[in-house]
Amino acid sequence: MKYNFDEVIDRRGTGSVKWDFGDMLKKMGLAERFDQDTLPLFTADMDFAVPPCIVEAMHKTADQRIYGYTMAPDEYYDAIISWFDRRHGWTIKKEEILYCPGTVKAIAMAINTFTEKGNGVIIQRPVYTPFTTSIEENERTVVNNQMLVDESGYYIPNLVEFEELAKDENNKMFILCNPHNPSGRIFKDEDLKELSRICAENGVILVADEIHGDLIRRDQTFKPIATLAESTDHIISLTAINKTFNVAGLHVTNVIITNKKLRKMYQKVLGMQMPTPFTYNALIAAYNEGEEWLEELKEYLDGTIEWVMTFLKENMPKVKFVRPEGTYIFWMDFREYGISHEEIRKRIYIDANVILEGGKMFDPDKGAGFERICLSSPRPMIKEAFERIAKAFSDLN
Ligand SMILES: Cc1ncc(COP(=O)(O)O)c(C=O)c1O
């Protein structure tokens, strides 16, 4: 490999949320313990160095010595258009692209733009926690279209119930998470077409959070819903380099809206939102020069996932999982141990000193007994985390 993903970079003292803010994590109920030995593997933030092309772009930008008001040049839009065209067969026009500083912010803005207080917003639990918080904090109602699970643990959307929920006049929006966080599955084409059709027929705005779409297994394909839907008039697509290229701190999200009227409404709420010079230069470098790095990253993540699956089968056979088709997120079912959520948590968060995210965060009703780990750290770190966790459960295996 040209890039060294095994390199362990000490991030302590860099203002890293996962490595530097233990007290805050404890206060938020995310961590039980935080010290020099803690392995924080709870958040979708990679511990890998970004591709050298981005580092170089950041140096060049810093060398400008002035960081005044900045607007993205055509090169920025060309880089986005070219990336989605060549990698996903998706034709995007420049005028359809709106920059937004972060995906969670883009979701909250969509909620505020297209729904009113008290309206229902459909999500598919278990799902990324800020979907719920964005809905609740904006005084809308969470409407859960619970994912179904087949006998192998594979998550499937409940389309029959979805259609009933979409028909309810009070439910004005659906937030899709594809690839799905936390299960890691990629929705099937026919399911995406159905979800889009149902939304279109019932006047439901479909917000598609697809920011994990470039981080998929090498034997999988990902298709943006906008390339499958009969019409994109009701679709707000969220794209980002934040996850793909490990630049979440630069907040590089792009919202794609083809419907002129909806775009105008969104733009009005967004206001004059300009990217920083670092932000737009990072995107240009990533999309124009980062492809080789991304392919190697995917190969590395595939290898880590293989290692984890083998390790669990051999050392913790009671832990159930399905190989994630996309994302570096790994969703584990500990229920066969027959112990409480709290006891699972004690063994992982205190005894093993590893911070994960508990299933209840993704699904308050059905998430107990599940834990999510992000495998986006150097493999030696991941191996250590699993070895510690296995030791903490050794009396029950
Ligand atoms: C599905 C999903 N959407 C959004 C985000 C956050 O994105 P951003 O940092 O761009 O707000 C995450 C981060 O984990 C995520 O998994």
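Are D47 and R11 buried or exposed? Both D47 and R11 are buried, where buried means under 20% relative accessible area, exposed means over 50%, and partly exposed lies in between, with a 1.4 Å probe and protein chains only.

This is a predicted model, in which local features need pLDDT of at least 70 and side-chain atom pairs count only at pLDDT 80 or more, while totals for chains, interfaces and linings use all residues. Residues are numbered from 1 along each chain as its sequence is written, and side-chain values use heavy atoms, with hydrogens and water left out.

1. The pair D47 and R11. The side chains of these two residues meet in a salt bridge, with 2.8 Å from N to O; a salt bridge is a side-chain nitrogen of Lys or Arg within 4 Å of a carboxyl oxygen of Asp or Glu. The pair links distant parts of the chain, since D47 is in the loop between β1 (39-40) and α3 whereas R11 is in the segment before α1, 36 residues apart. Helices (H or I, at least four residues) and strands (E, at least two) are DSSP runs, numbered from the N terminus.

2. Other salt bridges. By this rule the count comes to 31 salt bridges. Side chains of opposite charge can pair when their charged atoms come close. One of these pairs is E336 with K320, at 3.1 Å from N to O.

3. A pair between two helices. The side chains of E342 and K360 meet in a salt bridge of 3.7 Å, N to O. Because E342 lies in helix α12 and K360 in helix α13 (residues 359-362), the pair ties together parts that are 18 residues apart in sequence. K360 is partly exposed, with a relative accessible area of 35%.

4. K298 has its place in helix α11 and is buried, with a relative accessible area of 8%. Leaving aside its neighbours within four places in sequence, K298 is in contact (heavy atoms within 4.5 Å) with R87, D214, I216 and R218. A network of salt bridges links R86, R87, E291, E295 and K298.

5. Helix α10. The 13 residues of α10 (residues 277-289) should span 18 Å at 1.5 Å a residue, and the end C-alpha atoms are 18 Å apart, which agrees; the expected span of a helix is 1.5 Å times one less than its number of residues. In α10, 10 of the 13 residues are buried, so this helix is largely enclosed by the rest of the structure. Among the elements that cover these buried residues are α3 (52-62), α4 (74-88), β2 (97-100) and α11 (291-315).

6. Helix α8. The buried residues here are D191, L192, L195, S196, I198 and C199. They cover an arc of only 165 degrees around the axis, which puts them on the same side of α8; the arc is that of the directions from the helix axis to the C-beta atoms. On the other side of α8, E190 and E201 are exposed. What covers the buried residues of α8 includes α7 (159-167), β7 (171-177), β8 (205-209) and β9.

7. Backbone details to check. A cis peptide bond joins N178 and P179, with omega about -5 degrees, and the peptide bond from N181 to P182 is cis too, with omega near 25 degrees. P179 has its place in the loop between β7 and α8, and P182 lies in the loop between β7 and α8 as well. T327 is not a glycine, although its phi is positive, at about 70 degrees; T327 lies in the loop between α11 and β11 (329-333) and is buried, with a relative accessible area of 0%. N246, again a residue other than glycine, has a positive phi near 60 degrees, and N246 is buried, with a relative accessible area of 15%.
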